Protein chains: 2
Amino acid sequence: MSKLMRVNLSTLTVTTQDLPAEYAEMGGRWLTSTIVAREVDPTCHPLGPNNKVVFAPGIVTGTTAPCSGRISVGGKSPLTMGIKEANAGTPFSQKLARLGIRALVVEGEVTDRSKRYVLEIDKDGGRLVEASDLAGKHMEETFAEFGKRYPGHAWCGVSAAGEAGLPLAGVCFSDAEKRPSRYAGRGGLGAVMGRKGLKGIVVDDSGGPGVAVKDPDRLKEGSRKLADALGRHDVTKPGGALNSFGTAVLINILNEAGGLPTRNFSSGVFEGAQKISGEAIAEAVAERGGKGMVGHRCHDGCVIQCSNVYPRPDGEEHVSCVEYESDWALGANLGVDDLDDIAEMVRLCNDYGLDTIEAGVTLGVAMEAGLADFGDGKRAITLLQEIGRLTTLGRILGNGAAFTGRAFGVTRVPAVKGQGMPAYEPRAVKGIGATYMTSPMGADHTAGYTIASEILGVGGKTDPLATEGKVELSRNFQTTTAWIDASGFCLFTAFALIDIPSGFEGALEACNGVLGTRWTMDDVTRIGSEILKTEAEFNRKAGLSAADDRPPEFMRLEKLPPHGHVYDLSDDELDEVLNF
Amino acid sequence: MSKLMRVNLSTLTVTTQDLPAEYAEMGGRWLTSTIVAREVDPTCHPLGPNNKVVFAPGIVTGTTAPCSGRISVGGKSPLTMGIKEANAGTPFSQKLARLGIRALVVEGEVTDRSKRYVLEIDKDGGRLVEASDLAGKHMEETFAEFGKRYPGHAWCGVSAAGEAGLPLAGVCFSDAEKRPSRYAGRGGLGAVMGRKGLKGIVVDDSGGPGVAVKDPDRLKEGSRKLADALGRHDVTKPGGALNSFGTAVLINILNEAGGLPTRNFSSGVFEGAQKISGEAIAEAVAERGGKGMVGHRCHDGCVIQCSNVYPRPDGEEHVSCVEYESDWALGANLGVDDLDDIAEMVRLCNDYGLDTIEAGVTLGVAMEAGLADFGDGKRAITLLQEIGRLTTLGRILGNGAAFTGRAFGVTRVPAVKGQGMPAYEPRAVKGIGATYMTSPMGADHTAGYTIASEILGVGGKTDPLATEGKVELSRNFQTTTAWIDASGFCLFTAFALIDIPSGFEGALEACNGVLGTRWTMDDVTRIGSEILKTEAEFNRKAGLSAADDRPPEFMRLEKLPPHGHVYDLSDDELDEVLNF
């Protein structure tokens, strides 16, 4: 029988119950958003005792299904003040799933604010252990300590920035080699966890029951079909784009499309793009030798392997991973074209437990305010260090781009619902803009990745500059994505799911194998729209409204080079995107 | 013919037109809120070129009607992100009215951010004059310079804090002796004006046409009736409570009622209340002699004269005015019981151009965050100076209480719609809480001053701790207040209006005399509710919703000493307050 575990920091108790029947078919984002919507008062203070942090592996997570090691984390966001779901790929999720734990709900808050706790989970259940000696420590030190205390476990934790309640703080998970590098980063759930006094969670699945699978043959056959599709698609196959160059392969592609946000979204073209591209990363790895690598995986069972380990000039490991989003946020968005500076900023974000996207967008706004010159990577590093040291300036920056904009009176702030925009310029790629504006998550590319169609031509190419059809495109991507986020499959499986029918069949069959269901494509739409409606309703009760589904004013007023477009999906069109 | 003047900082032009017919009967808040609702995009950036600042004298302002020198200022607030109306008593408004200018609309923003302008207005019209030498100057220096350049004018202006876009900045008007002391303080309209590049407005009514009055006899008779009522009511009469002790007479009264918010709203009783009371102020004035005085007026024609000039120990002038709200915000709310420290903080707020209420609530939250100890007035002074110097910390504090709370992770933040609560504890005085939660202005006591009934027994005494009847009480006060804010009469006339029927008749007759209308009490309700609906509709379009009409969560959870109440008007009850 699958389990739901509750840990209460107010009472310092852990309880485990059978998974309620109404949650039986849910996993991942479906389950975290549903529990948050049912149990969290939408008007509560996100850093107070009435918010919760909910963890859930996906439906197929922990099985042999490929690329399925995702963990979903949910709660009310201190950044957007709405519902938040962020997910990551990590062995942590696989171990939790193999213990039969489908959901973990973190509640309450410590009464003694100086105290910190670690939640230990294994086959015998969960228990809170005091770890106040870890208070104020960032992730490298925290995970080093976990390495001594819990060498056989997978871990997650929060940094000093999370303990301080800064909305830049994500929940940090260990990767396959136990680095602090896999983030449920967006929206400040690390701050929610940190303020509860929960420093980390460690999971050992030794002797666990494994994932309950209703129809092992169906799971096996589905997994085989999906693996086959992933192995054939140009984007996801071994030696394909993601495997060879990592996600930063997109730097040159977006730059050529005029959609690479540059210097705080003042241009769609960055003259230094080539120097920070995925190709340049692969070249540095090849030239420098040593510990650098491309084709790295965040967890066992991943066949795409899009991650990397970026080397220092002497071949020692600098950081994993220089993703496209991080590379852009801390590179092009700041006018910085030095990969070593970018790698150092990614390392600092990993150590400080920060969302690299929000960190980069925040620094872009800070540069707009005159705190540093665009292009000055060394100064950008010192600004990040202000966050790590929790200085007064660090507390401004650690609250994100919109907050920083208000502190310094900057009106060009690329954010929706208070969350900074990712690495695609909505004025140059209109469909992703529709996702940014309307996703219940705030500006979030992963919520409905229309880039697949508008830039990469997956599922049929659409014109990125056109507005026609983008309402439906974003809606379809958001709906399908919500289902994928429930399944436990990595979002990057979507390329193969969309282009290769047997791939999507395989993903559905894998879920059906685990759950004993008979889901078809109709169920993908049904479940995806149900998840989105649940999230939107939470936001409505929390006080968000149609006015929050809008671009920042400057994107309506300023034409973006080189195409000279403003953001021109109308308010009425935006209101249609999630009007199911 | 009455006029509407427009000044555009983008084009550096001033135009004057006949007042549009649909505005013919409007004045004050009715006119500013109506123009803002018609002309300002509710979703615009409040500090961007599409916001406007609208000034309007009241209907009877500039005539001989008593206590009528109010100026209304409106716009979209950078503090609440909704509509904002703030008003002040000042000769500025009388002079504007006597030039026949019923509304002044400030639009656009300077293209060269280093430039500053002063708008000169006289009988020949309006003109923008460059005054970039005043950039970065606070109010004492700015008004000293205005004294040299414009000795015969009345003035308003913004400080360096306003130019920096800080939402603590109000629009500062000259009092009868040209001090920078009369504030349209709340909601950051000084920041909106400052960011447009408009440093000040100076008005000379010499040779002007005077206020157009349709029926002078009716105006005269109405004014006489009102003056008679004001002269008889215990609160407003010469030698009465307000005249003898100033508004700070309320310190002891609220403290005895257990409703004086103390140490960031953690208690309703302050042990140092007596030392900062209106009685103590009057005593200091009497003992120290010199320039101190009670019974001071903000403009000629005021018969209540509730203001004061607080003296230094040697009898020199320290500051005008130590109002109840300022005294409380910078006193009891910070645990400070030294009137000289409080006076110095009021002086700094006047110089820096800051809303004293928001400044005090912000410092209370900062003390909660540990930036200073409660009771440490000297340290509180240095925190205010951070705002004046526009330091990094000053930019946090200058953004208000809710912003400061988020920067430092404080969850006990007494604010509604982002605006700090004034000097009445809603858990001890339930009706004023209904006004705080539901006023389109955010937490604002002047929007519906139920204290008159709940504490002072004006219009019939109601139990402050009871919830019964408070929905209607707040609605009635908010409606009547909106009309008073349109009329141009000081809100303090309300005591006499409510208790003495001939007083209200007089106020109505004075308006009817000016406008040639036949308003009765029914029109007060009609106009008041129309104003509130206009404002609420702007807020809805701006993205505010029912979730914004709620107390901060801690007031639902924490019982307030000494009565031990939480805030217990239900969400449904709050939703009924302005449900016309």
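**View 1. Surroundings of A:Leu334 in the predicted model.** A:Leu334 counts as buried because it has 30 C-beta neighbours inside 10 Å; a residue is buried if 20 or more other C-beta atoms lie within 10 Å of its own, exposed if 12 or fewer, and partly exposed in between, with C-beta atoms placed from the backbone. The model is predicted: local features need pLDDT of at least 70, side-chain atom pairs count only at pLDDT 80 or more, and totals for chains, interfaces and linings use all residues. Residues are numbered from 1 along each chain as its sequence is written, while chains are lettered from A and ligands numbered from 1 in the order in which they are written. A:Leu334 sits in the loop between helix H10 (324-329) and helix H11 (339-352) of chain A. Helices (H or I, at least four residues) and strands (E, at least two) are DSSP runs, numbered from the N terminus. Leaving aside residues up to four places away in sequence, A:Leu334 touches A:Gly360, A:Leu363, A:Gly364, A:Met367, A:Phe374 and A:Ala380; contact requires C-beta atoms, placed from the backbone, within 7 Å.

**View 2. Domain 1 and domain 3 of chain A.** Chain A is assigned domain 1 (3-203), domain 2 (237-425) and domain 3 (426-499 + 519-580), with bounds from an automatic or database domain assignment. Over C-alpha atoms, the centres of domain 1 and domain 3 of chain A are 27 Å apart. Here 30 residues of domain 1 of chain A are in contact with 23 residues of domain 3 of chain A. On the domain 1 side, helix H1 (28-39), strand E4 (70-76) and strand E5 (83-89) of chain A each supply at least two residues. The largest share, 7 residues, comes from H1(A).

**View 3. Strands E4 and E5 of chain B.** E4(B) (residues 70-76) and E5(B) run antiparallel and are joined by 7 bridges; two strands pair if DSSP finds at least two bridges between them. B:Ile71 has B:Ala88 of E5(B) as its bridge partner. The hairpin has 6 residues between the strands, and B:Met81 takes a positive phi near 65° there. In E5(B) (residues 83-89), 7 of 7 residues are buried. B:Ile83, B:Glu85, B:Asn87 and B:Gly89 point one way from E5(B), and B:Lys84, B:Ala86 and B:Ala88 the other way.

**View 4. Chain B against chain A.** In this interface, 27 residues of chain B are in contact with 27 residues of chain A. Helix H14 (392-397), helix H15 (401-408) and helix H21 (521-542) of chain B are the elements giving two or more residues to the chain B side.

Methods. Two residues are in contact if their C-beta atoms, placed from the backbone, lie within 7 Å.
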